[in-house]
Amino acid sequence: MATFELYRRSTIGMCLTETLDEMVSSGILSPELAIQVLVQFDKSMTEALESQVKSKVSIKGHLHTYRFCDNVWTFILQDAHFKGDECQETVGRVKIVACDSKLLTQ
């Protein structure tokens, strides 16, 4: 199963990467093992989001920028309103990156 490296730029992905870098720098972990951990992180995030997340949310806002490159959509919204089943939230600026899941099965 192929995966995208998108989740590495999430908060948890950045923390994992930073921790792995520290462990490699201090000699606790080999660079090869750190790469294996990141690859497993990519796979685990993809699987967890596919199988465990059932919530839906609607998003409305001002579309500031959009881009489609290499089968990846990027949207930047301003004054975005997120509305879910149990809560609502307004965010000043949000970046949404979307990939075609069919690419993962190729």
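# Chatting through a predicted model

Author: Let's begin with Asp70, which sits in the loop between β1 (58-69) and β2. Keep in mind as we go that this is a predicted model.

Reader: OK, is Asp70 buried or exposed?

Author: Exposed, with a relative accessible area of 68%. Its backbone stands out too: phi is near 55°, a positive value in a residue other than glycine.

Reader: Switching to rings. How many aromatic pairs are there?

Author: The structure holds two aromatic pairs. In one of them, Phe68 and Trp73 have ring centres 4.7 Å apart.

Reader: And why is the pair of Phe68 and Trp73 called tilted?

Author: The planes of Phe68 and Trp73 are at 40°, so the pair is tilted. Then there's Trp73 with Phe75, and that pair is stacked, with 5.5 Å from centre to centre and 10° between the planes.

Reader: So what do the ring pairs link together?

Author: They link Phe68, Trp73 and Phe75 into a cluster.

Reader: How accessible is Phe68? And Trp73?

Author: Phe68 counts as partly exposed, at 48% relative accessibility. Trp73 is partly exposed as well, at 34%.

Reader: What about Thr74, buried or exposed?

Author: Thr74 is buried, with a relative accessible area of 12%. You'll find Thr74 in strand β2 (residues 72-83).

Reader: What does Thr74 touch?

Author: Leaving out residues up to four places away in sequence, Thr74 touches Thr65, Tyr66, Arg67, Lys95, Ile96 and Val97.

Reader: New topic: pockets. How much space lies in the largest pocket?

Author: About 1000 Å³. The lining has 24 residues, and Leu6, Tyr7, Leu49, Val97 and Ala98 lie nearest the centre of the pocket.

Reader: Which element gives the most to the lining of the largest pocket?

Author: That's β3, with six residues. Both α2 (31-52) and β3 (88-99) supply at least two residues of the lining.

Reader: How do the lining residues divide into nonpolar, polar and charged?

Author: There are 14 nonpolar, four polar and six charged residues in the lining of the largest pocket.

Reader: Where is Arg8 found?

Author: In the segment before α1 (11-25). Arg8 is buried, at 18% relative accessible area.

Reader: Which side chain does Arg8 join through a polar contact?

Author: The side chain of Asp42, through a polar contact of 2.6 Å. Setting aside neighbours within four places in sequence, Arg8 is in contact with Gly13, Met14, Leu38, Val39, Phe41 and Asp42.

Reader: Last one: where is Gly92, and what does Gly92 touch?

Author: Gly92 is in strand β3. Not counting residues up to four places away in sequence, Gly92 touches Leu77, Gln78 and Asp79.

Reader: And how far is Gly92 from Asp42?

Author: Their C-alpha atoms are separated by 28 Å, with Gly92 and Asp42 50 residues apart along the chain.

Note on methods. Residues are numbered from 1 along each chain as its sequence is written. This is a predicted model: local features need pLDDT of at least 70, side-chain atom pairs count only at pLDDT 80 or more; totals for chains, interfaces and linings use all residues. Side-chain values use heavy atoms; hydrogens and water are left out. On a 1 Å grid over the protein atoms alone, a cavity is a set of points where a 1.4 Å probe fits but cannot get out, and a pocket is an open set with protein on both sides within 12 Å along at least five of seven lines; lining residues have an atom within 4 Å of a point. Grid points are joined across faces, edges and corners, and a volume is the space filled by probe spheres set on the points. Helices (H or I, at least four residues) and strands (E, at least two) are DSSP runs, numbered from the N terminus. Ala, Val, Leu, Ile, Met, Phe, Trp, Tyr, Cys and Pro count as nonpolar, Asp, Glu, Lys and Arg as charged, and the others, Gly among them, as polar. Buried means under 20% relative accessible area, exposed over 50%, partly exposed in between (1.4 Å probe, protein chains only). A polar contact is a pair of N or O atoms within 3.5 Å; within protein, one must be able to donate a hydrogen and the other to accept it, and residues adjacent in sequence count only if both atoms are side-chain atoms. Contact means heavy atoms within 4.5 Å. Rings of Phe, Tyr and Trp (its six-membered ring) pair if their centres lie within 6.5 Å; planes under 30 degrees apart count as stacked, over 60 as edge-to-face and the rest as tilted.
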